[in-house]
Amino acid sequence: MLKVDDTPFIRIENVTKSFGDVVAVDDISLEIRKNELFCLLGGSGCGKTTLLRMLAGFETPTSGRIFIDGVDMSTTPAHARPTNMMFQSYALFPHMSVAKNIAYGLLRDGVAKSEVNDRVAQMLKLVQLGDFGKRKPAQLSGGQRQRVALARALIKRPKVLLLDEPLGALDKKLREQTQFELVNIQESLGITFIVVTHDQEEAMTLSSRIGVMNKGQIAQVGTPRQVYEAPQTRFVADFIGSINVLETMVVGIDGPHMFLQSQMAPETLKVPLVEGLGLTDNCWYAVRPEKLSIGTTSDASDMNIEGVVEDIAYLGGQSIYHVKLTDGQIIKVAQSNRTRRDRPAITWEDKVFLGIDAGDGVVLQR
Ligand code: ATP
């Protein structure tokens, strides 16, 4: 994996962008490091594209500042920034060959023809389209068109490449394959990529770090593992993957720990104290489906919750059990199907116990 330089390369300082009454980006501060592949992840309308367009210089912040490599770029026009943008639509010229499409920006800048030819050849090789230079975009597959667009965006050697849903036009299988190619290309070039996506699996696959966005704000920034294993808010927990959320109450505090009680079980969960929570406060305890155990008897887990199996989905590598608790809540449990032994002998309508270990989940404030 490419070594990411820890010093901030892009600094977004209290940036807000309003369109009339709509606040598309709401006071965002964020630092992106050199050589990172950073994903802006969020649902439709959360402001991802607007933030990307401000980095590119296609939109001016209503307030706040954007620094790239230490220079205030807030009002610098797009063409004078060390950035380039790749659009979801690719925007290739249909009448031009692949090579001409890639060469276009350099020729327009007056770069000598021999140098342009060399650089186009390098780019075609980089995106594994060495033999496709003479074809027209219409003679390419969706994945190949995507790579032409990437080559065209990279040929001017920007310090930062901004990609808006770069794989959005590809079908699922090609998309998964192309995700790895994109990471390989980014790592081989050592430039900073900022990718906008609404697809959490894609963000997890691509990113060194993810900025999860919600309603114009950054809800959390972290590595894929951090946002998955330690979501800081209910929004992030729900948005990334699947999670079970139990209603709990703080029933005891002991130094740096507190004890959580759910109405569903007699035992308590001993978890690190969370600032802002006191005795009798309600909070959520959230735990991923794969962290739970399931069996027909209770086990040595910190807490055992009783329920009845409502549904079982066989997904090949794992099975997902939907277990209905006595209060009606459905809890999802993922169990590996790696070996026969791994598979609990449990079927529909069985009474089961779900085992939770306190360290396997996170406490979320309400
Ligand atoms: P999507 O994934 O659907 O593209 P997004 O997260 O990229 O969404 P943005 O395109 O940044 O979201 O839009 C954020 C908000 O700002 C939305 O409510 C959108 O309607 C609004 N918006 C964006 N551009 C403009 C504009 N030029 N004029 C008015 N409103 C805009």
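Colleague: Which domains does the domain assignment give for the protein chain?

Modeller: The assignment gives domain 1, residues 5-239, and domain 2, residues 248-365. Keep in mind that this is a predicted model.

Colleague: How many Å apart do the C-alpha centres of domain 1 and domain 2 lie?

Modeller: Their C-alpha centres are 39 Å apart. As for the contact, domain 1 contributes five residues and domain 2 contributes four residues. On the side of domain 1 that touches domain 2, three residues are nonpolar, one is polar and one is charged.

Colleague: I would like to turn to the ligand. Which residues are around the ligand?

Modeller: A residue counts here if its C-beta atom, placed from the backbone, lies within 6 Å. The list includes Phe19, Val22 and Ala24, then Gly42, and the run Ser44, Gly45, Cys46, Gly47, Lys48, Thr49 and Thr50. His198 is also one of these residues.

Colleague: Which helix gives the most to the shell around the ligand?

Modeller: Helix H1 does, with three residues. H1 spans 48-56, and strand S2, at 22-34, likewise supplies at least two residues of the shell. Sorted by class, the shell has seven polar residues, four nonpolar and one charged.

Colleague: Next, the sheet. In what order do the six strands of the open sheet stand?

Modeller: Read across the sheet, the order is S6-S7-S8-S3-S9-S10, and the pairing is mixed.

Colleague: Why is one side of strand S6 and of strand S10 left without a neighbour in the sheet?

Modeller: Strand S6 (83-86) and strand S10 (217-222) are at the edges and each has a single partner strand, so one side of each has no neighbour in the sheet. Between neighbouring strands of this sheet the turn is 20° on average, direction ignored.

Colleague: What packs on the sheet?

Modeller: Helix H4, residues 142-154, packs there and touches S6 as well as strand S7 (160-164). The direction of H4 makes about 165° with that of S6.

Colleague: How many bridges join strand S9 to S10?

Modeller: Five bridges join S9, residues 209-214, to S10, and the two strands run antiparallel.

Colleague: One more pair, then. How do strand S17 and strand S18 run?

Modeller: S17 (residues 318-325) and S18 (residues 330-336) run antiparallel and are joined by seven bridges. Here serine 319 is opposite glutamine 335 in S18.

Colleague: Which residue in the hairpin of S17 and S18 takes a positive phi?

Modeller: Glycine 328 does, with phi near 95°, and the hairpin has four residues between the strands.

Technical notes
Residues are numbered from 1 along each chain as its sequence is written. This is a predicted model: local features need pLDDT of at least 70, side-chain atom pairs count only at pLDDT 80 or more; totals for chains, interfaces and linings use all residues. Domain bounds come from an automatic or database domain assignment. Two residues are in contact if their C-beta atoms, placed from the backbone, lie within 7 Å. Ala, Val, Leu, Ile, Met, Phe, Trp, Tyr, Cys and Pro count as nonpolar, Asp, Glu, Lys and Arg as charged, and the others, Gly among them, as polar. Two strands pair if DSSP finds at least two bridges between them. Axes are lines fitted to C-alpha atoms, for helices over the stretch in contact, and angles run from 0 to 180 degrees between N-to-C directions.
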